[in-house]
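Please have the sequence and the 3D view at hand while reading.

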Amino acid sequence: MLVGLLLPLGGALAQQAPSGTPTPGSAEPAAPKPAVAPAPAQDRGSALYGRPEGGEAAKLAPIAGPPIPTAAARLPLDKLKVPDGFKIEVFASGVANARSIAQGDKGTVFVGTRSLDRVYAVRQVDGKPVVKVIASGLHRPNGVVFHKGALYVAELSKIWRFDDIENNLETPPKPVLVYDDLPKDEAHGWKFIAIGPDEKLYVPVGAPGNILIPPDTHAQIRRMDLDGKNVEVVARGVRNTVGFDWNPGTKQLTFTDNGRDWVSEDIPNDELNVLAEPGKQHFGYPYCHQGNFTDPEYGWGRSCAEFTAPVGLLGPHSAALGMRFYTGAQFPAEYRNAVLIARHGSWNKTQKTGGDVVVAKLGSDGRVVSLEPFLTGFLQDNRYVGRPVDVLVAQDGALLISDDFNGAIYRVSYGR
C-alpha cells in the first residue's frame with residue numbers, strides 16, 4: 001500500500017446556458033436552451049481525485065498486475081540486480097497478490113493479500129516451496145504478524161488471531177476476533193500491522209482519500225493490547241503507512257508514509273518518520289508534506305514548523321511500503337541496523353520511479369544520511385516487470401521480498 005502528491009484540480013461545472021429572450025411578436029420568451037451537463041465529480045476517496053483533466057496527467061492511472069501469478073520460469077530474475085557479493089533467487093512463486101510477509105518460529109512464511117481474500121503459508125519441503133491457503137473469505141487481509149505461536153491477520157476493518165497456527169497448517173483453527181472498531185473506507189483502508197517491543201499491537205488507519213481533512217478516526221497509528229483492549233492513538237497526521245519497524249537501538253517506531261497525489265510529478269516525497277513521543281506527534285497530513293511543503297489546498301495559515309518533520313525523504317510518488325531494520329548476521333557490517341525499504345513504484349509519474357528496494361543508512365542523530373539502491377531491475381523501459389511490496393529479515397539473515405505484481409517472493413542472501 002513506495003510516492004506522490006498533486007493538487008486536486010477539481011473540474012469546474014459547466015455554466016448553464018442563459019434562458020431565452022422574447023422573440024418578435026411574442027410576449028412569451030423562447031424556450032430555454034438545455035443546460036450543459038456538468039462534468040462528473042470525482043469522489044475524494046478515488047485515487048484519481050485531483051488529477052488534471054488534460055495533457056499527459058490524464059493518461060496516468062493505477063497499474064493493475066497480471067490476473068494470475070507469473071510462472072516461476074517467467075519471473076524476471078535475469079533482470080534483477082543486487083550489490084556485489086549478494087545473490088537473488090526465487091523463494092516461492094504462485095503466491096497471487098503477495099503483500100505483507102511474516103515468519104513463524106518453525107520457518108513458515110505467512111503472506112497476506114490486498115486484492116484477494118486469502119492468506120498463505122509457505123513452507124520449504126525437501127528444498128522446494130509448498131504454498132498453501134490457510135484462510136480465505138477475508139476482505140483485504142493485507143496485514144500479517146506472527147507472535148508467540150499465533151498469526152494475527154488484519155483485513156480492512158477487523159483483526160483476527162489464528163492460535164497455534166504452525167502446528168495446524170493442514171486444518172487451521174477458527175480465528176479469534178481481536179478488534180473490529182476500524183473504519184470501512186476502501187481508500188487507504190488496507191492494513192500493515194506489527195507488534196512492538198512493548199508487546200502492543202500497532203495498527204494504522206489511513207486517510208480516506210488523496211487529500212482531505214480526515215475525521216478524528218483516520219490518518220493515524222493506533223496501538224492496543226494483544227487482545228484488542230486499551231486502544232490509544234500514538235501518531236496523527238499519517239496519510240498512509242504500509243510499513244513500520246522499531247529501531248533496534250532506540251526502540252522507537254519508524255515508518256514509511258506515502259505523500260499526496262496530484263500536486264506535481266516531483267513533489268511531495270514519500271517520507272521516513274520516527275515516533276519519539278507516542279501520542280504527542282503530528283506528522284503533517286493534510287497541512288504539510290515532506291516536512292517543508294505546505295499543501296496548496298489545506299496549508300493556508302499553517303506552518304510546517306507545527307509538525308514533526310521526516311528523518312528522510314524517499315522519492316516523489318515512489319510508493320514506499322514495507323521496511324525493516326536489518327538485524328541479521330549474514331549481510332556485511334555496513335548493513336547492520338540500516339533500513340531496507342520496498343518501493344512499490346510510482347503510477348502517477350510520466351517517468352516512473354521506485355519499483356525497487358533501497359537501503360537507508362542512518363546517522364547518529366537517527367536521520368537518513370544516504371539512500372542507496374539494493375535491489376533494482378523491476379522497472380524496465382519505464383514499465384514494471386515486478387513491484388516489491390514488503391521486506392522481511394528471515395531467520396537465517398537473508399532478506400525476503402514480496403512482489404504482488406508477479407505473485408512471488410524473492411530471497412536475497414550474501415556470501416563470498
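In this predicted model, the lining of the second largest cavity divides into three nonpolar, four polar and two charged residues, where Ala, Val, Leu, Ile, Met, Phe, Trp, Tyr, Cys and Pro count as nonpolar, Asp, Glu, Lys and Arg as charged, and the others, Gly among them, as polar. Because the model is predicted, local features need pLDDT of at least 70 and side-chain atom pairs count only at pLDDT 80 or more, while totals for chains, interfaces and linings use all residues. Residues are numbered from 1 along each chain as its sequence is written, and side-chain values use heavy atoms, with hydrogens and water left out.

**Cavities**
- On a 1 Å grid over the protein atoms alone, a cavity is a set of points where a 1.4 Å probe fits but cannot get out, and lining residues have an atom within 4 Å of a point.
- The second largest cavity holds about 50 Å³ of space, and its lining is made up of P183, D185, A187, H188, G189, K191, V205, G206 and H218.
- The largest cavity has a volume of about 80 Å³, the space filled by probe spheres set on grid points joined across faces, edges and corners.
- Of its 15 lining residues, D257, G259, E271, Y285 and H289 are the closest to the centre of the largest cavity.

Conventions:
1 Å grid on protein atoms, 1.4 Å probe; cavity = no way out; pocket = protein on both sides within 12 Å on 5 of 7 lines; lining within 4 Å.
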